[in-house]
Amino acid sequence: MLKQIMNSANFNYLPRGMTAASMRQEVISNNIANVNTPNFRRSDVNFEDMLARELYGEKPPEGQLQMVRTHDKHLPHKKIAVHAEPQIVADETTIMRTDNNNVDIDVEMANLAKNQLYYNALATQLGGYVTKMRNAITSGQT
């Protein structure tokens, strides 16, 4: 029973999302700290897109057909389990200053506020889930 509770979707995705948000907080803080460092390139954390691909699967590349079973005796197509983990990626796309630094302090501060809201929402969801499970276990009601 405890194994089923701990392996639920909320206990799988919410902590990973919180880990990604914590990592993003550090990356944004590093970007802000280096706003005046010549030749510094900002970084970001890529997680949500990978998590969406994990949850909903990927569409086949353009021009390719999606694999389907046309008969019950055909071998099933094994879906490869991809476990999305947050990754730090460097942003090499824009340079807006003469010192080759691409950090925009206004964008970083907005990203910082957005990430804080994201982390708080995940923490609230996870806390609510744990409270429901505790109530169900201690009182026998859902």
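Start at the second largest pocket, which holds about 180 Å³ of space. A pocket here is an open set of points, on a 1 Å grid over the protein atoms alone, where a 1.4 Å probe fits and protein lies on both sides within 12 Å along at least five of seven lines; lining residues have an atom within 4 Å of a point. The volume is the space filled by probe spheres set on points joined across faces, edges and corners.

Before going on, note that this is a predicted model, with local features needing pLDDT of at least 70 and side-chain atom pairs pLDDT 80 or more, while totals for chains, interfaces and linings use all residues. Residues are numbered from 1 along each chain as its sequence is written, and side-chain values use heavy atoms, leaving out hydrogens and water.

**Stop 1: the pocket lining.** Select R24, I28, D44, V45, E48, N111, K114, N115 and Y118 to see what lines the second largest pocket. At least two lining residues come from each of α2, β1 and α4, and α4 gives the largest share, four residues. Helices (H or I, at least four residues) and strands (E, at least two) are DSSP runs numbered from the N terminus.

**Stop 2: along α4.** Now select residues 105-139. The 35 residues of this helix should span 51 Å at 1.5 Å a residue, and the end C-alpha atoms, 50 Å apart, agree with that; the expected span is 1.5 Å times one less than the number of residues. At the start of α4, look for a side-chain oxygen of D104 within 3.2 Å of the backbone nitrogen of D106. Then colour E108, N115, L122, L126 and Y129, which are buried in α4 (buried is under 20% relative accessible area, exposed over 50%, partly exposed in between, with a 1.4 Å probe and protein chains only).

Stop 3: Pick F40, in the loop between α2 and β1. F40 counts as buried because its relative accessibility is 15%. Its contacts (heavy atoms within 4.5 Å), leaving aside neighbours within four places in sequence, are N30, N31, N34, N100, N101, N102 and V103. The C-alpha atoms of F40 and N100 are 7.0 Å apart, though 60 residues separate them along the chain. N100 sits in the loop between β2 (87-90) and α4, and has a positive phi of about 65 degrees without being a glycine.

**Stop 4: the core.** Finish with A20, F47, M50, L51 and A84, the five residues of the largest nonpolar core (buried Ala, Val, Leu, Ile, Met, Phe, Trp, Tyr and Cys residues joined through side-chain atoms within 4.5 Å).

Definitions and conventions. A polar contact is a pair of N or O atoms within 3.5 Å; within protein, one must be able to donate a hydrogen and the other to accept it, and residues adjacent in sequence count only if both atoms are side-chain atoms.
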